[in-house]
Amino acid sequence: TNPALMGKDGKMIRSTEVSVEVSHTAIHDLKWKWDYEKFMNRLYIMREHYGNYMEYGSYDVTKAEDPFYDPPEHQMVGVGNIYLESLAFGLDIDEATPIIDYKGKEQGEVLVEILPVGANGSDDPNIPVVEDPDELLDKRYDFMVRVKGCRGIPQNLANDVFVRFRCQLDEEDC
């Protein structure tokens with residue numbers, strides 16, 4: 001048993017996280033999850049609007065005042081892995097890689113081209129093809145990532161799509 005899940009009396013602590021799913025079916029089945037705090041805040045605003053409606057009748061509400069409106073947030077479609085072994089031999093990579101969501105389901109493809117480049121980032125035609133990748137150890141190696149596009153992304157996830165990437169040892173996305 002995990003000690004972090006044990007109470008002072010040695011009994012297991014059961015934890016349940018409650019959330020509310022809010023749907024906007026008129027716009028491509030958009031869905032948001034509200035945690036308990038956000039839901040209670042929005043419920044208070046809903047009651048306030050209902051009270052105003054009962055007292056004054058119909059009135060306009062701005063997006064900022066609308067308890068059902070959430071400004072768009074970034075939502076990860078999924079992850080695609082591209083292996084860079086070809087770069088170790090000075091070869092270009094040009095492939096379509098599947099985008100896999102957190103459930104393991106394919107959500108489309110991202111079309112990527114990765115090219116070895118010169119130190120200044122230019123397309124250098126003199127980049128040698130290497131027989132033994134060990135020749136590159138402890139040497140600078142520059143490459144360019146070009147995202148050519150995406151295809152097959154479900155319509156409800158296909159608004160304002162962008163790509164972030166990270167090399168294996170990097171701690172932050174590019």
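A salt bridge here is a side-chain nitrogen of Lys or Arg sitting within 4 Å of a carboxyl oxygen of Asp or Glu. The structure is a predicted model, so local features need pLDDT of at least 70 and side-chain atom pairs count only at pLDDT 80 or more, while totals for chains, interfaces and linings use all residues. Residues are numbered from 1 along each chain as its sequence is written, and side-chain values use heavy atoms, with hydrogens and water left out.

By that salt-bridge rule, the structure holds 5 of these contacts. One of them joins Asp-142 to Arg-140, with the closest N and O atoms 2.7 Å apart. Arg-140 is exposed, at a relative accessible area of 63%; the labels used here are buried for under 20% relative accessible area, exposed for over 50%, and partly exposed for anything in between (1.4 Å probe, protein chains only).

Another salt bridge pairs the side chains of Glu-21 and Lys-33, at 3.3 Å from N to O. Glu-21 belongs to strand β1 (residues 19–24) and Lys-33 to strand β2 (residues 30–35), so this pair ties together parts that are 12 residues apart in sequence. Strands (E, at least two residues) and helices (H or I, at least four) are DSSP runs, numbered from the N terminus. Of the two partners, Glu-21 is partly exposed at 44%, and Lys-33 is exposed at 59%.

Then there is Arg-151, whose side chain meets that of Glu-109 in a salt bridge of 2.6 Å, N to O. Arg-151 lies in strand β5 (residues 142–151) and Glu-109 in strand β4 (residues 106–117), so the link ties together parts 42 residues apart in sequence. Both count as partly exposed, with Arg-151 at 44% and Glu-109 at 21%.

The loop between β4 and β5 holds Asp-138. Asp-138, though, has a positive phi, near 60°. Asp-138 is also exposed, with 86% relative accessibility.

Finally, the surface has a nonpolar patch of about 520 Å², made by Tyr-50, Tyr-53, Met-54, Tyr-59 and Val-61. Patches are built from residues with over 30% relative accessible area and no salt bridge, joining like charges within 9 Å and nonpolar side chains (Val, Leu, Ile, Met, Phe, Trp, Tyr) within 5 Å. The areas come from the Shrake-Rupley method with a 1.4 Å probe, and for residues only the protein chains shown count as cover.
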